[in-house]
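Subject: Structure for you to look at

Hello,

Here is the structure I promised. Please open it beside this email and follow along.

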Amino acid sequence: MARCYSGAMPQRYPALPHIWLISDARNDAQLERALANLPRGSGLIYRHYHLAPAERRARFDRLARLARRRGHWLVLAGSARDARSWRADGAYGSPTQLAGGAAMPRLVTAHSLAEIGAARHTRADAILLSPVFATRSHPGAATLGALRFRLLAAHAGVPVIALGGMTAALAQRIGATHWAAIDGLIPKDS
C-alpha cells in the first residue's frame, strides 16, 4: 500500500515523530502516564485551551520535563512566536495562526484540499489532516474516510499526520506513516 508521505519537498528540520498525542481537557489527568507509555521519540501537541494562561503555562512546563526525558517532541498550539518563547519544539495551528513568525517546525491543520494549499503557503512542515474517522471531539461531523484521506494526502507535499478516531491499527490500515490521537493513546484502564 502506498504511504501518505511525499518526500518531494526537503525537510527543514529533523524527521518528525510518527506518533502524536494531542492534549485536551478530557485526557489531562492521564497525560503523564500516556507520555511515559508512548514510544521514545513520539510527540505531544499541547493544546489545553481550557486552562487560564498562567495555569496553561505551568502545566506545559510540568509536561515538558517528562516529555524531554522520554525524547519526545513538544509542540505548542499557538503562534510560532509563542512556541519559541515557551521553548517548544514547534507550533501547531491553522494556516492563519501560523502565518509568519519565528522559524521553527509548523504543524498545520487542514480538512480539505483548499486548506492543504493554505497550509503549504504557510510553509507547513507537516499537515494534520482530519477528521479521518468519527471522533468524540466533533460528534456527528462528516469524516474523510480512508480513500479521501489518501487522495488528499497525496497532494500535501509534506508529511501528513492522520487525525480523527485514529489508533495504530487504523493508521496502518489507511497507510498513514504519521498519526495523532486524543483518546486513542490514553491507557484504557485509566
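Arg-26 and Asp-183 meet through their side chains in a salt bridge, at 3.0 Å from N to O. A salt bridge here is a side-chain nitrogen of Lys or Arg within 4 Å of a carboxyl oxygen of Asp or Glu. Arg-26 sits in the loop between strand E1 (19–22) and helix H1 (31–37), and Asp-183 in the segment after strand E8 (178–181), so the pair ties together parts that are 157 residues apart in sequence. Helices (H or I, at least four residues) and strands (E, at least two) are DSSP runs, numbered from the N terminus.

This is a predicted model: local features need pLDDT of at least 70, side-chain atom pairs count only at pLDDT 80 or more, and totals for chains, interfaces and linings use all residues. Residues are numbered from 1 along each chain as its sequence is written, and side-chain values use heavy atoms, with hydrogens and water left out.

Arg-26 has 28% relative accessibility and counts as partly exposed. Asp-183, at 24%, is partly exposed too. The cut-offs are: buried under 20% relative accessible area, exposed over 50%, partly exposed in between (1.4 Å probe, protein chains only). Salt bridges link Asp-24, Arg-26, Arg-47 and Asp-183 in a network. The count of salt bridges comes to 7.

Another one joins Arg-59 to Asp-28, with the closest N and O atoms 2.8 Å apart. Arg-59 lies in helix H2 (residues 53–69) and Asp-28 in the loop between E1 and H1, so this pair ties together parts 31 residues apart in sequence. Arg-59 is buried at 6% relative accessible area. Asp-28 is buried at 19%.

Now look at helix H5 (residues 145–153). Its buried residues are Gly-145, Ala-146, Phe-149, Leu-152 and Ala-153. Seen down the axis of H5, they fall within an arc of 135°, so they line one face of the helix. The arc is that of the directions from the helix axis to the C-beta atoms. The face turned away from the buried side of H5 carries the exposed residues Leu-147 and Leu-151. What do the buried residues of H5 pack against? They pack against helix H4 (113–121), strand E6 (126–129), strand E7 (160–163) and helix H6 (168–174). Contact means heavy atoms within 4.5 Å.

Best wishes
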